[in-house]
Amino acid sequence: MKLALDLAAKASQQGDVPVGAIVLNPLGKVVGQGFNTREIDNDPMNHAEIVALREAATANGSWRLDDHTLVVTLEPCTMCAGAAVQARIGRIVFGAFDEKAGAVGSLWDVVRDRRLPHRPEVVSGVLADGCGAILSEFFKAQR
């Protein structure tokens, strides 16, 4: 999570919402990483999780990321939760809850919907205070 927080800080420095994400392979090696680049790239799809999942799929040589872990500083939105399910991610670990758009338990629970063929394990609240603080500081400076 500390690496994901470092990535979130990079997003903030570049004027984007400070969210960072990494993907770990089953051996615990980082195979994908990213931070929000929506503003930089003018691309609504460039959430930290999507950037990290794309990089991991390329490194893995397959879109299937079974037994991999997605670590992200903020609870994934519906798009990112859906992408994690589509990638067959084995585990999602996140820091701060997102009461406004969270799709891994807060507002929705996309990843645990029994109607879907794949449901990753979820670990929430990891370094939540630090993950929430970087977001609060960013938005406070925007106001």
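F139 is a handy place to start: with 34% relative accessibility, F139 counts as partly exposed, a label for anything between buried (under 20% relative accessible area) and exposed (over 50%), using a 1.4 Å probe and protein chains only. Before going on, note that this is a predicted model, so local features need pLDDT of at least 70, side-chain atom pairs count only at pLDDT 80 or more, and totals for chains, interfaces and linings use all residues. Numbering runs from 1 along each chain as its sequence is written, and side-chain values use heavy atoms, leaving out hydrogens and water.

**Aromatic pairs**

How many aromatic pairs does a search of the whole structure find? It turns up two. Rings of Phe, Tyr and Trp (its six-membered ring) pair if their centres lie within 6.5 Å; planes under 30 degrees apart are called stacked, over 60 edge-to-face, and the rest tilted. F94 and F97 make an edge-to-face pair. The rings of F138 and F139 also have their planes at 80 degrees, so that pair is edge-to-face.

| Pair | Centre to centre | Angle between planes |
|---|---|---|
| F94 and F97 | 5.1 Å | 85 degrees |
| F138 and F139 | 5.2 Å | 80 degrees |

As for burial, F94 sits at 0% relative accessible area and is buried, while F97, at 43%, is partly exposed.

Helices (H or I, at least four residues) and strands (E, at least two) are DSSP runs, numbered from the N terminus. Five strands build an open sheet with mixed pairing, in the order 2-1-3-4-5. At the edges are strand 2 (30-35) and strand 5 (121-123), each pairing on one side only; strands pair if DSSP finds at least two bridges between them. Direction ignored, neighbouring strands are turned by 15 degrees against each other on average. Strand 3 and strand 4 run parallel to each other over five bridges, and T69 has R91 of strand 4 as its bridge partner.

Two helices pack on this sheet. Helix 1 (residues 2-13) touches strand 1 (20-24), strand 2 and strand 3, and its direction makes about 145 degrees with that of strand 1. Helix 5 (residues 128-142) touches strand 3 and strand 4, at about 60 degrees to the direction of strand 4. Contact here means heavy atoms within 4.5 Å, and the angles, from 0 to 180 degrees, are between N-to-C directions of lines fitted to C-alpha atoms, for helices over the stretch in contact.

Which residues of helix 1 are buried? They are A4, L5, L7, A8 and A11. These cover an arc of only 160 degrees around the axis, so they sit on the same side of helix 1; the arc is that of the directions from the axis to the C-beta atoms. On the other side of helix 1, K2 and Q13 are exposed. The cover over the buried residues includes strand 1, strand 2, strand 3 and helix 5. Just after helix 1 comes G15, with a positive phi of about 85 degrees.

Helix 4 (residues 78-86) has C80, A81, A84 and V85 buried. Their arc is only 140 degrees, which puts them on the same side of helix 4. What covers them includes helix 3 (48-60), strand 3 (69-74) and strand 4 (91-96). R88 follows helix 4, and its phi is positive, near 65 degrees.
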